[in-house]
Amino acid sequence: MISKTVLVLAGPFAEGLSATRACAALTRGLTADGHLESDACALEQDLGARAGSTSKPLEEADFDRRMLAARAIVIACAHLDDHTLGGSIAFEAATRARQSGVPAYAVTGEDSLDRFEARIVDLQVILEAGTSRELGATGRKLATLV
């Protein structure tokens, strides 16, 4: 049986929009039609920034177990740029998903990756959203793609 759960991994999104609120907004959109369930994982670190240890926050969130139980993951971070390609939690999460055969999608306030860079990270789709309302709409759009 294919899982109905989508793992939403979010960091702080925009000014005034915490990781928890970003997860909640995306989850509302993803689950609006009742066909999908969401496993929200809010991390207070900027997922797109280079981090000293990318593994520790993911291990503390039991990311691998949660990812393997999901049909897909959605990585939500404020910015995706060429710095995201190495040393960031977003890149580590996308890499683990790719290696495990779990599709990864991204939602970001600002996408600065070119097509080649996005392919390296192996994201199925990158969507832009900057507000809670836009995140909800983006979640509804993702629900049709997952």
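Helix H4 is followed by glycine 101, whose phi is positive, near 80°. Helices (H or I, at least four residues) and strands (E, at least two) are DSSP runs, numbered from the N terminus. This is a predicted model, in which local features need pLDDT of at least 70, side-chain atom pairs count only at pLDDT 80 or more, and totals for chains, interfaces and linings use all residues. Residues are numbered from 1 along each chain as its sequence is written, and side-chain values use heavy atoms, with hydrogens and water left out.

**The sheet**

- Five strands form an open sheet in the order S2-S1-S3-S4-S5, and the pairing is parallel.
- Strand S2 (37-42) and S5 are the edge strands, each pairing on one side only.
- Neighbouring strands are turned by 20° against each other on average, direction ignored.
- Two strands pair if DSSP finds at least two bridges between them.
- Strands of a sheet pair through backbone hydrogen bonds, either parallel or antiparallel.
- Strand S1 (residues 5-10) runs parallel to S2, and 6 bridges join them.
- Threonine 5 has glutamate 37 in S2 as its bridge partner.
- Leucine 7 stands opposite aspartate 39 in S2.
- S4 and S5 also pair in the parallel sense, over 4 bridges.
- Alanine 104 has leucine 123 in S5 as its bridge partner.

**Crossovers**

- The chain goes from S1 through H1 to S2, and this β-α-β crossover is right-handed.
- S4, helix H5 (residues 115-121) and S5 make a right-handed β-α-β unit.
- Right-handed has a set meaning here: with the strands pointing away from the viewer, the path from the first strand over the helix to the second runs clockwise.

- Helix H4 (residues 89-100) lies across S1, S3, S4 and S5, and runs at about 155° to S3.
- Contact means heavy atoms within 4.5 Å.
- Axes are lines fitted to C-alpha atoms, for helices over the stretch in contact, and angles run from 0 to 180 degrees between N-to-C directions.

**Helix H4 up close**

- H4 has 12 residues and reaches 16 Å from its first C-alpha to its last.
- That is close to the 16 Å expected at 1.5 Å a residue.
- The expected span of a helix is 1.5 Å times one less than its number of residues.
- Ile89, Ala90, Ala93, Ala94, Thr95, Arg96 and Ala97 are buried in H4.
- Buried means under 20% relative accessible area, exposed over 50%, and partly exposed in between (1.4 Å probe, protein chains only).

- Helix H6 (residues 132-145) has 14 residues, which should span 20 Å at 1.5 Å a residue; its end C-alpha atoms are 20 Å apart, which agrees.
- In H6, the buried residues are Leu135, Gly136, Thr138, Gly139, Leu142 and Ala143.
- They cover an arc of only 165° around the axis, so they sit on the same side of H6.
- The arc is that of the directions from the helix axis to the C-beta atoms.
- An α-helix has 3.6 residues a turn, so residues three or four places apart point the same way.
- Exposed residues Arg133 and Thr144 are on the face of H6 turned away from its buried side.
- The buried residues of H6 pack against helix H1 (19-30), strand S3 (72-80), strand S4 (104-111) and strand S5 (123-128).

**Loops**

- Most residues other than glycine have a negative phi.
- Aspartate 62 has a positive phi, near 55°, and is not a glycine.
- Aspartate 62 is in the loop between helix H2 (55-60) and helix H3 (63-68), and is partly exposed, with a relative accessible area of 34%.
- Aspartate 122 is not a glycine either, yet has a positive phi of about 65°.
- Aspartate 122 lies in the loop between H5 and S5, and counts as buried at 16% relative accessibility.
- Glycine 48 is in the loop between S2 and H2, and is buried, with a relative accessible area of 8%.
- Glycine 48 and alanine 76 are 28 residues apart along the chain, and their C-alpha atoms are separated by 9.0 Å.
- Threonine 131 is in the loop between S5 and H6, and is partly exposed, with a relative accessible area of 38%.
- Threonine 131 and glutamate 15 are 116 residues apart along the chain, and their C-alpha atoms are separated by 9.4 Å.
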